[in-house]
Amino acid sequence: MPLADVFTLHGRRSASSDPADERAFFLDVLAEYQWARDAVGLMPGTIDKLVKPVIELCDHYATVP
């Protein structure tokens with residue numbers, strides 16, 4: 001079976017962006033991820049265990065994924 005064609009629906013932005021905007025976007029995405037898992041009814045402890053290492057790595061390297 002052949003692979004499907006992939007089309008980009010949006011234009012590429014410039015390589016420079018504000019680090020504060022990147023961090024805010026990253027934290028918003030993590031908050032939505034936590035909300036979605038909480039809405040499904042998963043235990044809050046498991047949500048924190050999944051998100052905490054990601055935040056620690058990003059803080060350690062002073063970057064966002």
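The model is predicted. One place to begin is Ala-62, which sits in the segment after H2. The phi of Ala-62 is near 50 degrees, a positive value in a residue that is not glycine. Most residues other than glycine have a negative phi. Ala-62 has a relative accessible area of 70% and is therefore exposed, the cut-off being over 50%.

Helix H1 covers residues 19-40, and its 22 residues should span 32 Å at 1.5 Å a residue. Gly-41 follows H1 and has a positive phi, near 100 degrees. Helix H2 is made of residues 44-61.

How do H1 and H2 pack, at what angle and with their axes how far apart? The angle is about 170 degrees, and the axes are 10 Å apart. Because angles over 145 degrees count as roughly antiparallel, H1 is roughly antiparallel to H2. On the H1 side, the residues that meet H2 are Arg-23, Phe-26, Leu-30, Tyr-33, Gln-34, Arg-37 and Asp-38. On the H2 side, they are Thr-46, Ile-47, Asp-48, Leu-50, Val-51, Val-54, Ile-55, Cys-58 and Asp-59. An α-helix has 3.6 residues a turn, so residues three or four places apart point the same way.

The largest nonpolar core has five residues: Phe-26, Leu-30, Val-51, Cys-58 and Val-64. H1 and H2 are the elements that give two or more residues to this core. Setting aside residues up to four places away in sequence, Val-51 touches Leu-30, Tyr-33 and Gln-34.

Val-64, another member of the core, is found in the segment after H2. Is Val-64 buried or exposed? With a relative accessible area of 18%, Val-64 falls under the 20% cut-off and so counts as buried. Again leaving out residues up to four places away in sequence, Val-64 touches Glu-22, Arg-23, Phe-26 and Cys-58. Val-64 and Pro-19 are 45 residues apart in sequence, while their C-alpha atoms are 8.7 Å apart in space.

Charged pairs remain. Side chains of opposite charge can pair when their charged atoms come close. A search of the whole structure finds two salt bridges. One of them joins Asp-59 and Arg-23, with the closest N and O atoms 3.0 Å apart. Asp-59 lies in H2 and Arg-23 in H1, so this pair ties together parts that are 36 residues apart in sequence. Asp-59 is partly exposed at 42% relative accessibility, and Arg-23 is partly exposed at 32%. Arg-23 is also one of the residues that Val-64 touches.

Lys-52 and Glu-56 form a salt bridge too, their closest N and O atoms being 4.0 Å apart. Lys-52 and Glu-56 are four residues apart in H2, which means that about one helical turn separates them. Lys-52 counts as exposed because its relative accessibility is 52%, whereas Glu-56, at 46%, counts as partly exposed.

Definitions and conventions:
Residues are numbered from 1 along each chain as its sequence is written. This is a predicted model: local features need pLDDT of at least 70, side-chain atom pairs count only at pLDDT 80 or more; totals for chains, interfaces and linings use all residues. Side-chain values use heavy atoms; hydrogens and water are left out. The expected span of a helix is 1.5 Å times one less than its number of residues. A salt bridge is a side-chain nitrogen of Lys or Arg within 4 Å of a carboxyl oxygen of Asp or Glu. Buried means under 20% relative accessible area, exposed over 50%, partly exposed in between (1.4 Å probe, protein chains only). A nonpolar core is a set of buried Ala, Val, Leu, Ile, Met, Phe, Trp, Tyr and Cys residues joined through side-chain atoms within 4.5 Å. Contact means heavy atoms within 4.5 Å. Axes are lines fitted to C-alpha atoms, for helices over the stretch in contact, and angles run from 0 to 180 degrees between N-to-C directions. Angles under 35 degrees count as roughly parallel, over 145 as roughly antiparallel, 65 to 115 as roughly perpendicular and the rest as oblique.
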